Amino acid sequence: FRAGLLALEGAQAEAVEAYRSAVAAWKRFGHDIGVAMTIVDALLVLPSRPEPREWAADARAIFERVDAKPLLRLLDDTVAKRPGAAPVASSPLVESA
């Protein structure tokens, strides 16, 4: 929640770091859906920042692996609304922290 609040308050650099920390925590717990949903959240509240866009392939890989078609559509719709949007290709998970 902290990351989203920081983003909404305009503290974008701090929000990016908070999202990065949240993703790392979800990874430590082995909670892949938490990782992916945190990335989607970052995409929604930080539309002008490049970092969430760079993480989007991780979310796509997770959603594809668990066959979460509605969440893939949510990801695609969210990415499509961003400035300079391009489709997110699949990729293996990478370390974000």
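**Exercise 1. Which element of the protein has the lowest mean pLDDT, and which the highest?**

Solution. This is a predicted model. Compare the elements by mean pLDDT. Helix α5 (residues 69-80) has the lowest, 93. Helix α2 (residues 12-29) has the highest, 97. Now take the whole protein. The average pLDDT is 87, and 85% of the residues score at least 70.

**Exercise 2. Find where pLDDT stays under 50.**

Solution. Look at residues 90-97: pLDDT stays under 50 there. For this stretch the model has 19 contacts beyond four places in sequence. How should they be read? Where pLDDT is low, the predicted coordinates should not be read in detail.

**Exercise 3. Describe how α3 and α4 cross.**

Solution. Two packed helices are described by the angle and the distance between their axes. Start with the distance: the axes of α3 (residues 32-45) and α4 (residues 50-65) come within 9 Å. Next, the angle: they cross at roughly 140 degrees. Angles over 145 would count as roughly antiparallel, so α3 is oblique to α4. Then the hand: the crossing is left-handed. Last, the residues. Those of α3 in the contact include Ile 33, Met 37 and Leu 43; those of α4 include Trp 55, Ile 62 and Phe 63. The contact of α3 with α4 divides into 14 nonpolar, no polar and four charged residues.

**Exercise 4. Is Thr 38 buried or exposed?**

Solution. Locate Thr 38 in helix α3. Its relative accessibility is 11%. Buried means under 20%, so Thr 38 counts as buried. Which residues does Thr 38 touch, not counting those up to four places away in sequence? They are Tyr 19, Ala 22, Val 23 and Trp 26. Finally, take Arg 20. Thr 38 and Arg 20 lie 18 residues apart in sequence and 9.2 Å apart in space, C-alpha to C-alpha.

Conventions
Residues numbered from 1 in each chain as written. Predicted model: local features only at pLDDT ≥ 70, side-chain atom pairs only at ≥ 80, totals over all residues. Heavy atoms only, no water. Axes fitted to C-alpha atoms, helices over the stretch in contact; angles between N-to-C directions. Helix = DSSP H or I, 4+ residues; strand = E, 2+ residues; numbered from the N terminus. Parallel < 35°, antiparallel > 145°, perpendicular 65-115°, else oblique. Left-handed = near helix turned anticlockwise from the far one by under 90°. Contact = heavy atoms within 4.5 Å. Nonpolar A, V, L, I, M, F, W, Y, C, P; charged D, E, K, R; others polar. pLDDT = per-residue confidence, 0-100. Buried < 20%, exposed > 50% of the residue type's maximum accessible area, 1.4 Å probe, protein only.
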